[in-house]
Amino acid sequence: MENTKKNTIVVNPITRIEGHGKITVDLTDDGAVDRVRFHVTQYRGFEVFSKGRDFREMPVITPRICGICPVSHHLASAKACDAILGVTLTPTAAKLREVMHMGQFIQSHALSFFHLSSPDLLFGFDADPAIRNVAGLAQEYPDLAVAGIGMRKYGQEIIKTLGGKKVHPWHSIPGGVNRSLRAEERDGMLSALPKLKDDLRKALDLVKNYLAENAELAARFATLETSYLGLVKDGNLELYDGRIRLKSPRGRITDEFDDKDYCAHIGEHVEEWSYLKFPFYRPLGFPHGSYRVGPLGRINACDDIATPEASAELAAFRKSTDDGMVHYTLYYHYARLIEILYAMERLEELLNDPDVLGSDLRITGNVTNREGVGVVEAPRGTLIHHYEVDGKGAIERANLIVATGHNNYAMNRGVEQVARDYITGSDVKEGALNRMEHVIRCYDPCLSCSTHAVGKMPLKLEVRNSRGDVVRTVTKE
């Protein structure tokens, strides 16, 4: 992947993200940045080895794609299976699925902000790496660290309650769910929400103050004017079941379509230097049809949010620009916290709905349609599962567009922009490397969708001369 004819800086692996990737920066012989690439270095073969499996197994198989957001794959897969059966869920089943989905958003977004990204914001990009981490956060900002742990635990306990396990749960089945919710479980979930909301409001104040105090940095840091894509329902933010909307950089609705029609609107570009594909909007082609997803994508794509506190925060969020479209990549963190607030409010609505304690859990059926598409908003963006089956229900073809892939082009562009701002020659400061890594952290990617390293995460920097010889090596443990 490296061009040995030029000086090449290699950041490998990128730390404080989920999965494994690296960044290569090719320099000209006079030390200027020539080319920057963000590589995803792992391969997952789920689309291949799912062939021949009974489609009813897919909601159990596909959560293994990801150990951080298995609920997202579980639900997208179950929705695709519902479509193959041609059934409409009972109100209880639909709402119980959404309860688990809100728990997933709370725990995943909390992990991203409190544990992976906040050390850079609180200590600074140039701070000593020995303290610029979750351990340093726990020592210097214990209340914030505990709040993040509490939110993550809360979301995971919801997943465990319904799905039996915090990771790789089994709750959604084709046509419904396999477990009801007891009143005492519902009451426990509700009783914990007020304290969590208070903690979240403090985190929101922290982010807003940081962005206000660092307005010039926020306006420049990896900022891109792109289109934005996400699910909406009646124009409002939607995370579980809506229409796919694409909005232009200036806020015009470019397109809005049903999830089953995604193939006519979304294509996938491939580059030889990364295992991660580059989705794009077909009518505009690649790369002009590239867009962004995830918290910033959804916040920009929707008209409003249907819950009161999150709606008020959205209005404040949009005041940062004249036209209400926010292109600042650092604002992903702010948008992420707004979505946690929405998830808490929506969860409260669901838990107070009598249907959520119902016992009508499943609609049975046989193969009615030879293909099914299931789309949900994963914490990292729009997730698509598409299955084609034979008459007996065996998978003939599976296509998955994982949420992180939609942001691939933007992540590459953002890393390149930051590299050009902070790298000149071979004497590269650690803070410059961390800034490039933080571009990736803003998007909270799940690169492999489940492969993780345990223990130390070393960073190795190699600078090569024009002959390809290593002239300097710096290793950060």
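Student: Leaving aside neighbours within four places in sequence, which residues is isoleucine 423 in contact with?

Tutor: In this predicted model, isoleucine 423 touches Ile9, Val25, Leu27, Val33, Val428, Ala432 and Met436, with neighbours within four places in sequence left out. Each counts as a contact because heavy atoms lie within 4.5 Å.

Student: What makes a set of residues such as the one with Val25, Met151 and Ile423 a nonpolar core?

Tutor: A nonpolar core takes buried residues of types such as Val, Met and Ile, joined through side-chain atoms within 4.5 Å. The largest one here has 100 residues, and those with the most contacts inside it are Val25, Met151, Phe317, Tyr331, Ile423 and Met436. Helix H11 (residues 332-351) gives the largest share of this core, 13 residues. Apart from it lies another core, of 15 residues, including Ile65, Leu85, Tyr387 and Val389. In soluble globular proteins, nonpolar side chains tend to be buried together.

Student: Why is alanine 222 called buried?

Tutor: Buried means under 20% relative accessible area. Alanine 222 has 0% relative accessibility, so alanine 222 counts as buried. This residue sits in the loop between helix H8 (215-220) and strand E6 (227-233). Its phi is positive, about 55 degrees, although alanine 222 is not a glycine.

Student: Why does glutamate 185 count as buried?

Tutor: Glutamate 185 has a relative accessible area of 15%, which is under 20%, so the residue is buried. Glutamate 185 belongs to helix H7 (residues 183-213). Leaving aside neighbours within four places in sequence, glutamate 185 is in contact with Thr161, Arg179 and Ser180.

Student: And what makes isoleucine 68 buried?

Tutor: With a relative accessible area of 13%, isoleucine 68 falls under the 20% limit and is therefore buried. Look for isoleucine 68 in the loop between helix H2 (58-61) and helix H3 (70-85). The C-alpha atoms of isoleucine 68 and lysine 166 are separated by 9.7 Å, while the two residues are 98 residues apart along the chain.

Student: Is the peptide bond from phenylalanine 286 to proline 287 cis or trans?

Tutor: That bond is cis, with omega near 10 degrees. Proline 287 lies in the loop between strand E11 (278-281) and strand E12 (291-292).

Key: Residues are numbered from 1 along each chain as its sequence is written. This is a predicted model: local features need pLDDT of at least 70, side-chain atom pairs count only at pLDDT 80 or more; totals for chains, interfaces and linings use all residues. Side-chain values use heavy atoms; hydrogens and water are left out. Helices (H or I, at least four residues) and strands (E, at least two) are DSSP runs, numbered from the N terminus. Buried means under 20% relative accessible area, exposed over 50%, partly exposed in between (1.4 Å probe, protein chains only).
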